[in-house]
Structures are given as structure tokens and as C-alpha cells.
Amino acid sequence: MNPVDTLNLDLRALGTFIAVLDEGSVSKAAIKLGVSQSAVSHTLDRLRQALGDPLFVKSGRGITPTRYAQQVGPHIRQILDDLQSLASGPFFTPQSAEFTFTIAANDYQRDLLLPPLVETLRREAPGIRLQVIPSGIPSADMLRKDLCDLIISPHAPEATDIMQRGLMADRMVVFYDQNVREAPKDLAEYLQADHIALLFASGEKPALEGAMSARGLSRRNVVTVSNFSGLPEFLRGSDLLATAPERMSNHLLRDFAWTPLPFEFKPFTLLMLWHRRNQNDPAHRWLRNQVNSVAATMNGLNQ
């Protein structure tokens, strides 16, 4: 028998072989495959050349597989099944999965969404470990270079290879210590007050600062912190104001009163961002669904 000519082997040819083997007829195999009989015959000729065996021989009015064809049939069928599984993506079972999933999120998103996510992982996927890194104002390269698997942020990079999904809406409000002062009555009182400002560790300013500058508004920032976690201790017992997302009134800033901003500033949407290459990965998709479920539960509680 000649060495196998792998150049004449392809998935379509192997699929044709299995169809003829199953149907026991070239004509029936052609009908099953939706091709002509001559196409099936031509493919069988290529396979005969590649495998060095007649594969099928005439038997009465039909054909019968050779001993070699009967022997290689299960192997070829397994190859096709394995390739079909490969095309469907890697197998994923949450209970048996073992890997680390990295999420980039600033402290607001981290404290809001990720503790409930960890509860889900410990219950349904105990082998999946969660690593959280700060996102700042995220860039597309964070996902392109695998610095993280997922970003949760209201800021979406402008890039066609970055996918996104909205999780929940929020708005900026003004927090203050109600034991020390009252809420600012108007824009003038807001601008005249002393404020705690935010400047991300990477150097970027929140969108609010840019929006105020565009309107020619300025306020007195007497303290600047790198994340929202720095707000409570500066607010407590002082007459300072802090402008932060309203949903923080449910956790980090729950001890303080709040009032709406005294000027128009559109609400924002908290987004989940990932790279296109992970769009159909079953493990990544499962984790995205868990994050979305956490957000959906919170949306329900805040309706």
C-alpha cells in the first residue's frame, strides 16, 4: 500500500467517504450531500489515490466497502466529530473550570458589581479566580494586549474590535454630610463651596470636569483623591461637597445625604467591554452573562 497522500485529503472528501459508507450507494450519498453523482465519484477517486485503496467495489447492483474502508471508517468519523467539536468552541463546564479571570474596574464599578459576582463564582464555578485591576479611563489596548479579559466602565474606547454591552444607567449627584451642612440651594452655592475632586491615578480627569470647563464653570477643589474610596473620610464631619454616582448612596456613600446636580449633566451608562476575539468563547460568554445578571438584579431593585 502506498503512503497516504495527505494533500488529497480534506474535510469535504472525508465527509463524502462517510456518506458513501453510511448509504452504501454513490447516488444516495450524492442526494444526502446535495451534490451530483459525478462529484461524489470524483471525490472517491481522489481518496483512492490518497489512501492507496479502492475503498468501495462493485457488488451486484451496488457497492460494498473494502476491508480497509471498514477499518478506517471509525477513525475518519472520529476525526470529523472532533473537528465539529472544535468548530463549536472549547468545552466549558463552570463547576470544573480552573482559571483566573481579570476584570478592569475602578472602585465604583468594583464595589457595586463584583462582590455579588464573587458570590456567584464561589457557588457555581469555585475554580474560577477573579483578579481586579483599576481601569482608569480604559484604552482598547488593555483588551488587545490581554492586560484584562473584561472592562467595566462608562467610558468605551472608539475601536471596531471592542465589543460592548450596557449594564445599567446612573447619574452624578452631590453628596454632603447632613450633620454638618445643608444641600447647596443653587448653582452659585455649589460653585462657591469647597469640593473633593477626583483625578484617576493614570492622570485622567472624570468627564464631569470636562463638561464644567466647556460651560465656563469652575469650582474650588480643596482635596483631590485618586478614587471614590477616598471620599467618605473627607466628607464625614466637614462642609465639603463630593460629586459622585447616585448608586454609591447604596454602599460607599450610604451614610451621606445627596441632592441632584444644579446644572444639566446627562446620565451615563455603565458598560461591559471585551475584545472581539472573545465574543464566542463559552467561558468568557458565561462570565459576561453572570455580570449582566448581577446588573439586572440591581436594576430591578432600583426601579
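I start with a term: a salt bridge is a side-chain nitrogen of Lys or Arg within 4 Å of a carboxyl oxygen of Asp or Glu. Side chains of opposite charge can pair when their charged atoms come close.

Ground rules next. I'm looking at a predicted model, where local features need pLDDT of at least 70, side-chain atom pairs count only at pLDDT 80 or more, and totals for chains, interfaces and linings use all residues. Residues are numbered from 1 along each chain as its sequence is written, and side-chain values use heavy atoms, with hydrogens and water left out.

**Salt bridges.** I found 17 salt bridges in the structure. I looked up one of them: Asp-22 and Arg-77 join through their side chains at 3.0 Å, N to O. Asp-22 sits in helix H1 and Arg-77 in helix H4 (residues 67-87), so this pair ties together distant parts of the chain, 55 residues apart. My note on helices and strands: they are DSSP runs (helices H or I, at least four residues; strands E, at least two), numbered from the N terminus.

**Overall build.** I get ten helices and twelve strands for the chain. The radius of gyration, taken over C-alpha atoms, is 31 Å, while a compact globule of 303 residues would be near 19 Å (the rule is 2.2 Å times the number of residues to the power 0.38). The C-alpha trace spans about 100 × 40 × 35 Å along its principal axes.

On a 1 Å grid over the protein atoms alone, a cavity is a set of points where a 1.4 Å probe fits but cannot get out; a pocket is an open set with protein on both sides within 12 Å along at least five of seven lines, and lining residues have an atom within 4 Å of a point. Points are joined across faces, edges and corners, and volume is the space filled by probe spheres set on them.

The largest pocket has about 350 Å³. Its lining has 18 residues, and Pro-154, His-155, Met-172, Ala-207 and Phe-268 lie nearest the centre. Helices H5 (107-124) and H8 (207-214) each give at least two lining residues.

How many cavities of 30 Å³ or more are there? I count one. The largest cavity holds about 100 Å³, and its lining includes Met-172, Glu-209 and Arg-219. Strand S8 (194-198) and H8 each supply at least two of the lining residues, with S8 giving the largest share, three residues.
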